[in-house]
Amino acid sequence: MAKIDLNCDLGESFGRYTLGLDDQVIPLITSANVACGMHAGDPVVMARTVFLAAASGVAIGAHPGYPDLQGFGRRNMALSPDEAYAFVLYQVAALSGFCKAQGVALHHVKPHGQLYNSAAKDEELAAAIARAVYDADPNLVLVGLAGSKLIDAGRAQGLRCAGEFFADRNYTSEGALVPRSQENAVITDEDQAVSRTVAAVKSGKVVAVDGTEVAVDFDTICVHGDGPKALAFVKKIRAALADAGVEIKAL
């Protein structure tokens, strides 16, 4: 039986602002990527999200991003490799502290937003992130876009790595995500997103926006938990994978 991890980016509320359906989504996934206060989240939200994930037996990961609260970490920043290293290490260490305080292990690291996208193609940035993760804890799993420079850098650093597939994002013929600045970046038809995800698990391929087939070697599927239909979407994906004989299991 095929096995796959379902991950979701969570803990993105901040102060009095609430974002996402964390308490409802967490029991349906196997890995939670928790924002670390730079692009979203705050210390109180981090502590609560770790608690919710631990209570549901969900693997907990750090979700470090660019220091860009206003832009939600989706704007590019010209950080040097040393700066990127420091920002990632800082965020991973912060979430690790909350995990340690609650008696649970930090399991993985998945960069957020533009930091993630830039590291997918920038070798120096990818190497800096991989080094930060390794220095934080060499036993952590580094999650990155399937087939990206970040996965290559993580393996070169000696980390366990997991390629990621996005259920509701369109792909270019190069295997990159279509930029969010383009209208066709996000798949809004839930049934289409679910069917292509199941097909990708079975075939190891996804159809790009230009109609070409792109090979995708992945271990985890990202489902977003901040939309109005997020809960129904996660339930649909779980059900469809189960019907296809795929076991949902943490990395």
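Is glutamate 213 buried or exposed, and what is its relative accessible area? Glutamate 213 is exposed, with a relative accessible area of 56%, where exposed means over 50%, buried means under 20% and partly exposed lies in between, calculated with a 1.4 Å probe and protein chains only.

The legends below describe a predicted model, in which local features need pLDDT of at least 70 and side-chain atom pairs count only at pLDDT 80 or more, while totals for chains, interfaces and linings use all residues. Residues are numbered from 1 along each chain as its sequence is written, and side-chain values use heavy atoms, with hydrogens and water left out.

**View 1. The salt bridge between lysine 205 and glutamate 213.** The side chains of these two residues meet at 3.8 Å, N to O, which counts as a salt bridge because the term covers a side-chain nitrogen of Lys or Arg within 4 Å of a carboxyl oxygen of Asp or Glu. Lysine 205 is partly exposed, with a relative accessible area of 41%, whereas glutamate 213 is exposed. A search of the whole structure finds eight salt bridges, and the next two views show others.

**View 2. Lysine 110 and glutamate 164 in a salt bridge.** The closest N and O atoms of lysine 110 and glutamate 164 are 2.8 Å apart. This pair links distant parts of the chain, since lysine 110 belongs to the loop between E4 and helix H4 (113-119) and glutamate 164 to strand E6 (residues 160-166), 54 residues apart; helices (H or I, at least four residues) and strands (E, at least two) are DSSP runs, numbered from the N terminus. Both lysine 110 and glutamate 164 are buried.

**View 3. Arginine 75 and aspartate 68 in a salt bridge.** Here the side chains meet at 2.5 Å, N to O. Arginine 75 counts as partly exposed because its relative accessibility is 44%, while aspartate 68 is buried, with a relative accessible area of 6%.

**View 4. Strand E1 and the strands that pair with it.** Seven of the nine residues of E1 are buried, so that this strand is mostly covered. Two strands are said to pair if DSSP finds at least two bridges between them. E1 runs parallel to strand E10 (residues 246-248), to which three bridges join it, and isoleucine 4 stands opposite isoleucine 248 in E10. Three bridges also join E1 to E9, again in parallel, with isoleucine 221 in E9 as the bridge partner of leucine 6. With E2, the parallel pairing of E1 extends over four bridges, and leucine 10 stands opposite valine 34 in E2.

**View 5. Strand E3 beside strand E2.** Strand E2 (residues 31-35) and E3 pair in the parallel sense over five bridges, and histidine 63 in E3 is the bridge partner of alanine 35. Strand E3 (residues 59-63) is mostly covered, with five of its five residues buried. In a regular strand the side chains alternate between the two faces of the sheet. In E3 both faces are covered, with Ala59, Gly61 and His63 buried on one side and Ile60 and Ala62 buried on the other.

View 6. Threonine 220 is buried, with a relative accessible area of 1%. Its side chain is joined to that of aspartate 5 by a polar contact of 2.6 Å, a term for a pair of N or O atoms within 3.5 Å of which, within protein, one must be able to donate a hydrogen and the other to accept it, and for which residues adjacent in sequence count only if both atoms are side-chain atoms. Not counting residues up to four places away in sequence, threonine 220 touches several residues, including Asn7, Val143, Phe165 and Leu251, where contact means heavy atoms within 4.5 Å.

View 7. Histidine 107 counts as buried because its relative accessibility is 19%. The side chain of histidine 107 reaches the backbone oxygen of leucine 251 at 3.3 Å. Residues up to four places away in sequence aside, histidine 107 touches Ala59, Ile60, Leu140, Val141 and Leu251. Histidine 107 and serine 31 are 76 residues apart in sequence and 8.8 Å apart in space, C-alpha to C-alpha.
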